[in-house]
Amino acid sequence: MRHALLRLVILFTAAGTALAGAPSWARAAGADAWVQTLEPCVRSQGYWSTHPAEWPLSSLVLGSAGNPAHTYSASELLTLLQAPVRNDASLVLAQQLIAAKLNVASGARPDPVAAPLARADELLALFTGRLPYRLGPRTPVGGEMTTVSRTLEAYNKGEVPGSCGLANRAPIA
């Protein structure tokens, strides 16, 4: 597994002046230095399934916030992330939705994937119980779940334009 390395670039200037035309640069507090700041970037479903200590949340709603059965603890989410899919469209969608929500909660830009995030929750809200729903991908709802999960997967891999800041490259995990 390869991980993107985050480098912090510091440029020292004698006069402490700004670098003209250099976006994403901020003056380091109390120093004559300029530091390049990077927006948080997305991580894949595989990354989140192996790095639960880095999760910014202890629970998530997958479906309807009004349905208590749709709120999952961190340990339940980890179980879903690591579960074999076995031709279940609801589980495929849930895994990518969990990763996308963790990415957004970690500071990644949500705007490129706002509509698919909402649609994923709407699709899961059609069911009253807890995941997985054992829904085949060839059913009408299962087919839509599969389509939405592909978009979320592309976002989680940094393949959706705008999912990472201009200065960032998507990590491989």
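**Figure 1. Arg119, Glu122 and Glu144 are joined in a network of salt bridges.** The model is predicted. The structure contains six salt bridges in total. Side chains of opposite charge can pair when their charged atoms come close. The network of Arg119, Glu122 and Glu144 is one place in this model where salt bridges link up.

**Figure 2. Asp121 and Lys101 pair through their side chains in a salt bridge.** The N to O distance is 2.9 Å. Asp121 belongs to helix α4 (residues 114-124) and Lys101 to helix α3 (residues 89-105), so the pair ties together parts that are 20 residues apart in sequence. Is Asp121 buried or exposed? Asp121 counts as buried, at 16% relative accessibility. Lys101 is also buried, with a relative accessible area of 16%. Both values fall under the 20% limit for burial.

**Figure 3. Two further salt bridges: Asp111 with Arg109, and Lys157 with Glu153.** The side chains of Asp111 and Arg109 meet at 3.2 Å, N to O. Arg109 counts as partly exposed, at 31% relative accessibility. In the other pair, the closest N and O atoms of Lys157 and Glu153 are 3.3 Å apart. Lys157 is partly exposed, with a relative accessible area of 39%. Glu153 is partly exposed too, at 31%.

**Figure 4. Gln45 is a buried residue in helix α1.** Helix α1 spans residues 45-50. The relative accessible area of Gln45 is 17%, so this residue counts as buried. Which backbone atom lies 2.9 Å from a polar atom of the Gln45 side chain? That atom is the backbone oxygen of Leu81. Gln45 touches Leu81, Gln95, Gln96 and Ala99, leaving aside residues up to four places away in sequence.

**Figure 5. Helix α2 has a buried side and an exposed face.** Leu77, Leu80 and Leu81 are the buried residues shown here in α2. They span an arc of only 100 degrees around the axis, so they sit on the same side of α2. The face turned away from that buried side carries Ser75 and Thr79, which are exposed. What covers the buried residues of α2? The cover includes α1, β4 (59-61), β5 (71-73) and α3.

**Figure 6. The largest nonpolar core holds 36 residues.** Leu62, Leu93, Ile98, Leu124, Leu131 and Leu152 have the most contacts inside this core. The elements giving two or more residues to this core are α1, α2 (74-82), α3, α4 and α5 (140-156). Helix α3 gives the most, with nine residues. Ile98 touches Leu60, Leu62, Leu77, Leu80 and Leu81, again leaving aside residues up to four places away in sequence. In soluble globular proteins, nonpolar side chains tend to be buried together.

**Figure 7. The whole chain, for context, has five helices and five strands.** From the N terminus on, the order of elements is β-β-β-α-β-β-α-α-α-α. The chain has 173 residues, of which 38% count as buried. Among contacts with a separation of 6 or more, 63% join residues 24 or more positions apart. The accessible surface comes to about 9400 Å². Carbon and sulfur atoms account for 57% of that surface.

Methods
Residues numbered from 1 in each chain as written. Predicted model: local features only at pLDDT ≥ 70, side-chain atom pairs only at ≥ 80, totals over all residues. Heavy atoms only, no water. Helix = DSSP H or I, 4+ residues; strand = E, 2+ residues; numbered from the N terminus. Buried < 20%, exposed > 50% of the residue type's maximum accessible area, 1.4 Å probe, protein only. Polar contact = N/O pair within 3.5 Å; in protein donor to acceptor, adjacent residues only side chain to side chain. Contact = heavy atoms within 4.5 Å. Salt bridge = Lys/Arg side-chain N within 4 Å of Asp/Glu carboxyl O. Core = buried A, V, L, I, M, F, W, Y, C linked by side-chain atoms within 4.5 Å. Arc of directions from axis to C-beta. Areas by Shrake-Rupley, 256 points an atom, 1.4 Å probe, with all protein chains shown as cover.
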